[in-house]
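Colleague: I am new to this model. Please take me closely through one part of it.

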Amino acid sequence: MSEPNPYADGEYKWGPAQQSGTPAPGTPGPGTPAAGVPQYDFPPPTLADGQSFTPPGYGYPPQAGAQHPVPMGGQGGAPLVTLGDITVVGDSIITPSGTLPLRGAVWNATDMSRTEEKIPTHAIILAIIFFIFCLLGLLFLLMKEKTTTGFIQVTVTSGGKHHAAMIPAHDPGTFQMVMSQISYARSLSAM
C-alpha cells in the first residue's frame with residue numbers, strides 16, 4: 001500500500017495538494033531543519049564526564065571501547081522500587097541488614113493478612129430500635145463492614161545475605177500491589 005496507483009495518469013503526487021511556490025512537506029525550507037535532524041528540543045544524552053553521546057544507527061553493533069550513557073538508576077540515583085525498608089537502586093539492593101547485589105536476587109512474598117466481615121455496632125443498635133417500631137429495622141442487619149489486618153512479608157536473598165520486611169495491609173488489594181512491585185524487582189534481578 002506504499003506504492004502509488006500504477007493506473008493513475010501521473011499527475012497526482014503523494015501528500016496534500018501542492019500550490020506553486022510552497023515547498024512540499026518534509027523538504028528543507030527557510031524555517032525547516034534538514035533531513036535527519038531531530039525536530040524536538042530535548043538535549044542530546046550526555047556521558048558521565050559531560051561529553052555528548054551519539055548512539056550508532058539502528059542495527060549497528062556497539063563499537064569496541066565506545067562510551068555509553070550512565071543509566072539513571074546508578075549508585076546514588078533515584079530508587080527504582082521500594083518495598084517497606086528494601087530499596088532497589090541501580091545494581092544493588094539497600095536494606096538495614098546491608099547492601100545486597102541485585103543480579104540473581106530471590107524475591108518472595110507471603111500474605112499474612114486477613115479480611116474480616118462483620119456487622120457494625122451502630123447497625124445492631126439501629127436494628128433493635130427500629131424493630132420495635134416496624135419490622136423494617138431488620139434491614140439494618142444487612143450492613144457489613146470489612147476490615148483488613150495483618151502484614152505482607154517480603155523477603156529477599158542475594159549474595160549470601162537475607163532480609164525480610166513486613167508491609168502493613170490496609171485493604172484486600174495490598175497483596176496484589178506488593179506482588180506487582182515484586183515482579184518488577186524480579187525482572188530487574190534477572191537482567
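What is the strand order in the open sheet of 4 strands, and is the pairing parallel or antiparallel?

Modeller: This is a predicted model, where local features need pLDDT of at least 70, side-chain atom pairs count only at pLDDT 80 or more, and totals for chains, interfaces and linings use all residues. Residues are numbered from 1 along each chain as its sequence is written, and side-chain values use heavy atoms, without hydrogens and water.

The order is 1-2-3-4, with antiparallel pairing. Strand 1 (81–83) and strand 4 (98–101) are the edges; each has a single partner strand, so one side of each lacks a neighbour in the sheet. On average, neighbouring strands are turned by 20° against each other, direction ignored. Strands here are DSSP runs of E, at least two residues; helices are runs of H or I, at least four; both are numbered from the N terminus. Pairing takes at least two DSSP bridges between two strands.

Strand 1 pairs with strand 2 (residues 86–89) over 3 bridges, in the antiparallel sense. Leucine 83 has isoleucine 86 of strand 2 as its bridge partner.

Helix 2 (residues 174–189) lies across these two strands, at about 130° to strand 1. Angles run from 0 to 180 degrees between N-to-C directions, with axes fitted to C-alpha atoms, for helices over the stretch in contact. Contact means heavy atoms within 4.5 Å.

Buried in helix 2 are Thr174, Val178, Ile182, Ala185, Leu188 and Ser189 (under 20% relative accessible area, 1.4 Å probe, protein chains only). They cover an arc of only 110° around the axis, so they sit on the same side of helix 2. The arc is taken from the directions from the helix axis to the C-beta atoms. Their cover includes strand 1, strand 2 and strand 5 (106–118).

Key. Buried means under 20% relative accessible area, exposed over 50%, partly exposed in between (1.4 Å probe, protein chains only).
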